[in-house]
Amino acid sequence: MAYFVTFGAMPVPIGNEHPDLSAALEEACRLIAGGQTNVAIQFGDGRSISGDDLVACCSGEKVIGDHLFKKSA
């Protein structure tokens with residue numbers, strides 16, 4: 001399954017799907033650093049990571065991994 005990066009008030013996928021998490025994280029961190037809001041990485045099965053967890057992964061406080069992805073309600 002692929003990873004998709006989304007952002008904005010009405011989250012829409014941008015760019016291409018990423019086959020690995022590190023590439024998706026790199027794109028998400030670039031968006032966060034550029035001031036985008038509501039940045040998230042979506043996994044193909046409906047799980048995602050966003051908010052403080054994603055920011056912490058971009059800053060190196062946390063290590064990104066599937067264990068941080070949560071199923072959306």
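Tutor: Before we start on this predicted model, keep one definition in mind: a residue is called buried when its relative accessible area is under 20%, and exposed when that area is over 50%.

Student: Is F43 buried or exposed?

Tutor: The cut-off for a buried residue is a relative accessible area under 20%. F43 has a relative accessibility of 14%, and therefore F43 counts as buried.

Student: Which residue forms a tilted aromatic pair with F43, 4.7 Å centre to centre?

Tutor: A pair of aromatic rings is described by the distance of the centres and the angle of the planes. Here the angle between the planes is 40°, and the pair is tilted. It links distant parts of the chain, since F43 sits in strand β3 and its partner in strand β1, 40 residues apart. The partner has a relative accessibility of 8% and so counts as buried; this residue is Y3.

Student: Which other ring pairs with Y3 at 5.9 Å centre to centre?

Tutor: This second pair is also described as tilted, with 55° between the planes. The partner of Y3 lies in the loop between α2 and β5, so the pair ties together parts that are 66 residues apart in sequence.

Student: Which element gives the most residues to the largest nonpolar core?

Tutor: The largest nonpolar core has 17 residues, and among those with the most contacts inside it are Y3, L25 and F69. At least two residues of this core come from each of β1, α1, β3 and α2. The element that gives the most, with six residues, is α1.

Student: How far apart are the end C-alpha atoms of helix α1, and why does that agree with its number of residues?

Tutor: Helix α1 covers residues 21–33, which makes 13 residues. The expected span is 1.5 Å times one less than the number of residues. The helix should therefore span 18 Å, and this agrees with the distance between its end C-alpha atoms, which is 18 Å.

Student: Which residue has a side chain joined to that of R47 by a polar contact?

Tutor: R47 is found in strand β4, and, leaving aside its neighbours within four places in sequence, R47 is in contact with residues including I41, D66 and F69. The polar contact you ask about joins two side chains at 2.9 Å, and the partner of R47 is D45.

Key: Residues numbered from 1 in each chain as written. Predicted model: local features only at pLDDT ≥ 70, side-chain atom pairs only at ≥ 80, totals over all residues. Heavy atoms only, no water. Helix = DSSP H or I, 4+ residues; strand = E, 2+ residues; numbered from the N terminus. Core = buried A, V, L, I, M, F, W, Y, C linked by side-chain atoms within 4.5 Å. Buried < 20%, exposed > 50% of the residue type's maximum accessible area, 1.4 Å probe, protein only. Polar contact = N/O pair within 3.5 Å; in protein donor to acceptor, adjacent residues only side chain to side chain. Contact = heavy atoms within 4.5 Å. Phe/Tyr/Trp six-rings, centres within 6.5 Å; stacked < 30°, edge-to-face > 60°.
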